[in-house]
Amino acid sequence: MPPPPAPSTALLTDHYELTMLQAALRSGTAHRRSVFELFPRRLPEGRRYGVVAGVGRALDALEAFTFDDAALAALDGVVDAPTLDWLAGYRFTGDVWGYAEGETYFPYSPLVTVEASFAEAVLLETVLLSIYNHDAAIASAASRMTLVAGDRPCIEMGSRRTHEEAAVACARAAYVAGFATSSNLAARQRYDVPTAGTSAHSFTLLHDTEEQAFRAQVDALGVGTTLLVDTYDIREAVRLAVEVAGPGLGAVRLDSGDLGVLAHEVRAQLDDLGATGTRIVVTSDLDEFAIAGLAAAPVDGYGVGTQLVTGSGHPTCGFVYKLVSREGPDGSMVSVAKRSHDKISIGGRKFALRRRDARGTAEAEVVGIGVPPHDDGDDRPLLVPLVRDGEVVGRESLDAARARHLASRAELPAAAQQMSRGEPVIPTLHVEGTVEG
């Protein structure tokens, strides 16, 4: 039996998109060919690069963007009857181009280009922005964490620190940006994100003694499990852990205190007890700076929660969705742009490539206006087809997005690895092309 249809996403939008539609339908401009662009005017303050995430979720949302009976009933009194009749038959039939998931981005990167009638494209503004702004913020923070963690795995464990649905999206975005696993089982079900987890302090407190708790966990999960050793006395807990599980114990977890100092002490104790292969996993409000600070400590993995799911201080990316070109009275396309102070947009349909030197190191984000910029042979085009004539063509696996991210990040200049505040690691260059027609 086929799966049930996905719930409609059509009301994940703002009221004014529907009133604009009504006015455009009445004025006769609703069906003008239009090009909308989703882009950032700047990176979050101090960041060197950003990471595109949420592409797959946005494509799912676009496919489910139809106005069913319940959605139409909710709009009674919001728009008039002719507009409701038009919405009843809404299906997106245009084209969408965009940066592929996992790609790095910079100020004014044309992350998404939507080409359709004004009526079809304007309705997608809020749902696209809400997905991209959230998921890219998480992936951008996650990328900085995995970058400084190096070969040590990062575990996403922030579900309890955010909205329940945001938690699933966070796990997905973190995996794209290099996290090894998540604690979130819905992310495992929906997106095949690998999951991991063992026990919390409550499990230890449930038992009469710490030894009983450790024995129960090892009996159930095997000696490869991770034992939480900071409920009471850490040194005694480490001794008990090795006594119960033997020198083959998988890992111990530290969740409080001076993690760097404790890791050194626990490593020495484990080695003295013969548990030289037992790993040390640390948690406790880690961010990229804390992870970098533990680089010299004998830590084997990091569990990250609150700071990840809040974007490590930047919970949104500031993406905007603007009309950049529309059909004129004679049928030709006319570039349009917003000129408000500090909120400008750049008119015209955009094309983008990553300019690289002969060694493959990125030098600039080159954005062509009207026509694609020249590729000198070392460059890499950035826009890929996502939707063609209303049909999704750009869906791919999370592992493909994950691999793309690692490759895209690796081609950035070495300054991208710095955690200190700074300017974008490469500049964005706009190149004027031919007049649109």
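Because the model is predicted, local features need pLDDT of at least 70 and side-chain atom pairs count only at pLDDT 80 or more, whereas totals for chains, interfaces and linings use all residues. Residues are numbered from 1 along each chain as its sequence is written, and side-chain values use heavy atoms, with hydrogens and water left out.

Of the 437 residues, 52% count as buried, that is, under 20% relative accessible area with a 1.4 Å probe and protein chains only. Among contacts (heavy atoms within 4.5 Å) with a separation of 6 or more, 74% join residues 24 or more positions apart. The protein exposes about 19,100 Å², of which carbon and sulfur atoms supply 53%, the areas coming from the Shrake-Rupley method with a 1.4 Å probe.

**Enclosed and open spaces**

On a 1 Å grid over the protein atoms alone, a cavity is a set of points where a 1.4 Å probe fits but cannot get out, while a pocket is an open set with protein on both sides within 12 Å along at least five of seven lines; lining residues have an atom within 4 Å of a point. Grid points are joined across faces, edges and corners, and a volume is the space filled by probe spheres set on the points. In the class counts, Ala, Val, Leu, Ile, Met, Phe, Trp, Tyr, Cys and Pro are nonpolar, Asp, Glu, Lys and Arg are charged, and the others, Gly among them, are polar.

| Space | Volume | Lining by class |
|---|---|---|
| Largest cavity | about 60 Å³ | nine nonpolar, no polar, no charged residues |
| Second largest cavity | about 50 Å³ | five nonpolar, five polar, one charged residues |
| Largest pocket | about 830 Å³ | eight nonpolar, 17 polar, seven charged residues |
| Second largest pocket | about 620 Å³ | 11 nonpolar, four polar, five charged residues |

The count comes to two cavities of 30 Å³ or more. The lining of the second largest cavity includes Arg47, Tyr105, Ala137, Ser140, His314 and Cys317.

The largest pocket is lined by 32 residues, of which Met157, Ser183, Ser199, Arg253 and Thr283 lie nearest its centre. The elements that give two or more residues to its lining are β10 (279-282) and β11 (301-304), with β11 giving the most, three residues.

The second largest pocket, with a volume of about 620 Å³, is lined by 20 residues, and those closest to its centre are Thr9, Arg57, Asp60, Ala61 and Tyr191. Here α2, α6, α7 (164-176) and α8 (185-191) each supply at least two lining residues.

**Helix α6**

α6 has 25 residues and reaches 36 Å from its first C-alpha to its last, close to the 36 Å expected at 1.5 Å a residue, a span taken as 1.5 Å times one less than the number of residues. The helix is mostly covered, with 22 of its 25 residues buried, and just after α6 Gly150 takes a positive phi of about 65°.

Note on methods. Buried means under 20% relative accessible area, exposed over 50%, partly exposed in between (1.4 Å probe, protein chains only). Helices (H or I, at least four residues) and strands (E, at least two) are DSSP runs, numbered from the N terminus.
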